[in-house]
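Here is a walk through a pair of chains and the contact they share. Keep the interface in view as you read.

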Protein chains: 2
Amino acid sequence: MASSSIGWHDLPYARTPARLDGSTLIWRDLGPIAGHPALLVSGVRSDNDVMRGEETQVLGVFAGDEPLAQSGETVIILPGTHCKHVWVADRQIQRFETFMTGELFAVLGEHSILRYSVGGAAAGQAFTAQTTEAFRAGVDTAAALPLSAALFKVRTGQVLQNRPADESRAFLSGVLIGSELAHLNAPQNDRLPIVLAAADPLQTAYQTALEALGLSARVKCVSSQAQHLLSARGQAVLLRQIGWI
Amino acid sequence: MASSSIGWHDLPYARTPARLDGSTLIWRDLGPIAGHPALLVSGVRSDNDVMRGEETQVLGVFAGDEPLAQSGETVIILPGTHCKHVWVADRQIQRFETFMTGELFAVLGEHSILRYSVGGAAAGQAFTAQTTEAFRAGVDTAAALPLSAALFKVRTGQVLQNRPADESRAFLSGVLIGSELAHLNAPQNDRLPIVLAAADPLQTAYQTALEALGLSARVKCVSSQAQHLLSARGQAVLLRQIGWI
């Protein structure tokens, strides 16, 4: 990352709580680079977690005259290699948690015994009726078992039930995403509105899992198109704060 | 495995419940191999899990005139690459669950972003005061967060608190083992006696986690010496059942 200790310039992380108007983020004007003004923006940290870039997307969700979600107490879900859940209240990022969902999917599918079950099916395939059912079975399995036990059911589904590779991949995805989302039903989160900000195919996967967990009524989904503009919307918030626009 | 579909001879799995006297296991006399009698023994399956070899170790726990544990309702923990928890009652293996604890430790330590945090420390090191504390912190973190979020704290502990590599490895181990064992405090298991059958250094790690989870009073630990003889004790049960000894 450009602002990390091994990047262009080491900027300290801003701290939670971080205001949605960007005023508590940390930035540095690098001067013109190749004729263009350049601004380096820090990430945000809590006592025990870090993010770089996702905080700008969260600013983007609530930015402008037509925000993508109403401000108020909300949890924002930003799927990816290291998925972030970000709790927002009082127009501040209050706290966040990182889930290694995407990386676990890749690493287990390539380097663990599960590769013999999921191998051969391409990533990012569109859902079919069969893979949707397998994905939902994965979500259900994650709700019933600790994650390290649920994961082994990828293997036994193939060995005992001859589950095909594309369904095994969907099942693995369902286990990991289901395990990630289950805490949204816990007492401390069970009334919070949820904003899902993901482009397809992750949007469909997360929507399916949220539905299987009975959470659909609380979910507002940022469109794939708006999702691609989230960082730019957030950057505009920051540029306005700095006075560059 | 010798009895698998790609082994010497494809034997079907025996089914749970499986009797501790070995009478419901499935075996095949292969005739003499290199002048020695050879017996092939199947594994055991449930509706959605499989084991090969661990069932013989479980027979070994309860075998002979001096069993290592009293029979009665018990859960046996057999740590390893694919750790098994085996529920025994009425002198039968009633059910079991596989946890990918050991494989997750190896795969994440070698192939995920966590390798930058845990790299450089050798596996299987004896515990020190510092690594014991880090291990316990991992167990506590697993109790507070979903596993895929607890795992990321390996990374942030290094980035934010400069946790050294050997302590990061211990923390990762604590997260994975703590996550595996937490269900033993769930209502359906919270009175069951626990038998831990592991040689060092896993024995120490699991004992430390069980203690951190408040489970010590229910745990009987098979000695490292007896642990190495478990399979032989179980095989003797089976040979007696068959009439070879």
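The model is predicted. Start with how the chains are arranged. Chain B superposes on chain A by a rotation of 180° with 0.0 Å of shift along its axis, at an RMSD of 0.0 Å. The two copies are therefore related as by a two-fold rotation axis. Within chain B, Leu147(B) has the C-alpha nearest that axis, at 3.4 Å. Both copies use the same surface: 100% of the contact residues of chain B recur in chain A.

Now the interface itself. Chain B gives 36 residues to the contact, and chain A gives 36 residues. Between them about 3000 Å² is buried, with 70% from carbon and sulfur atoms. In chain B, the most area is lost to chain A by Met100(B), Ser148(B) and Leu160(B), together 20% of what that side buries.

Polar links cross the interface too. There are 15 residue pairs in polar contact, both at pLDDT 80 or more. On the side of chain B that touches chain A, β9 (92-99), α2 (101-111) and α5 (147-161) each supply at least two residues. The largest share, 10 residues, comes from α5(B). That side divides into 17 nonpolar, 12 polar and 7 charged residues. The count of salt bridges between the chains is 4. In a salt bridge, Lys153(A) meets Glu97(B) at 2.5 Å, N to O.

Finally, look at Ser112(A), in the loop between α2 (101-111) and α3 (115-118) of chain A. Ser112(A) is buried, because its relative accessible area is 0%. Its side chain reaches the backbone oxygen of Leu108(A) at 2.7 Å. Residues that Ser112(A) touches include Val107(A), Met100(B), Glu103(B) and Val107(B).

Key. Residues are numbered from 1 along each chain as its sequence is written. Chains are lettered from A and ligands numbered from 1 in the order in which they are written. Side-chain values use heavy atoms; hydrogens and water are left out. Helices (H or I, at least four residues) and strands (E, at least two) are DSSP runs, numbered from the N terminus. Buried means under 20% relative accessible area, exposed over 50%, partly exposed in between (1.4 Å probe, protein chains only). A polar contact is a pair of N or O atoms within 3.5 Å; within protein, one must be able to donate a hydrogen and the other to accept it, and residues adjacent in sequence count only if both atoms are side-chain atoms. Contact means heavy atoms within 4.5 Å. Copies are superposed by least squares on the C-alpha atoms of residues with pLDDT of at least 70 in both. Buried area is the accessible area (1.4 Å probe) that two parts lose on being put together, summed over both. A salt bridge is a side-chain nitrogen of Lys or Arg within 4 Å of a carboxyl oxygen of Asp or Glu. Ala, Val, Leu, Ile, Met, Phe, Trp, Tyr, Cys and Pro count as nonpolar, Asp, Glu, Lys and Arg as charged, and the others, Gly among them, as polar. Lists of a residue's contacts leave out its neighbours within four places in sequence.
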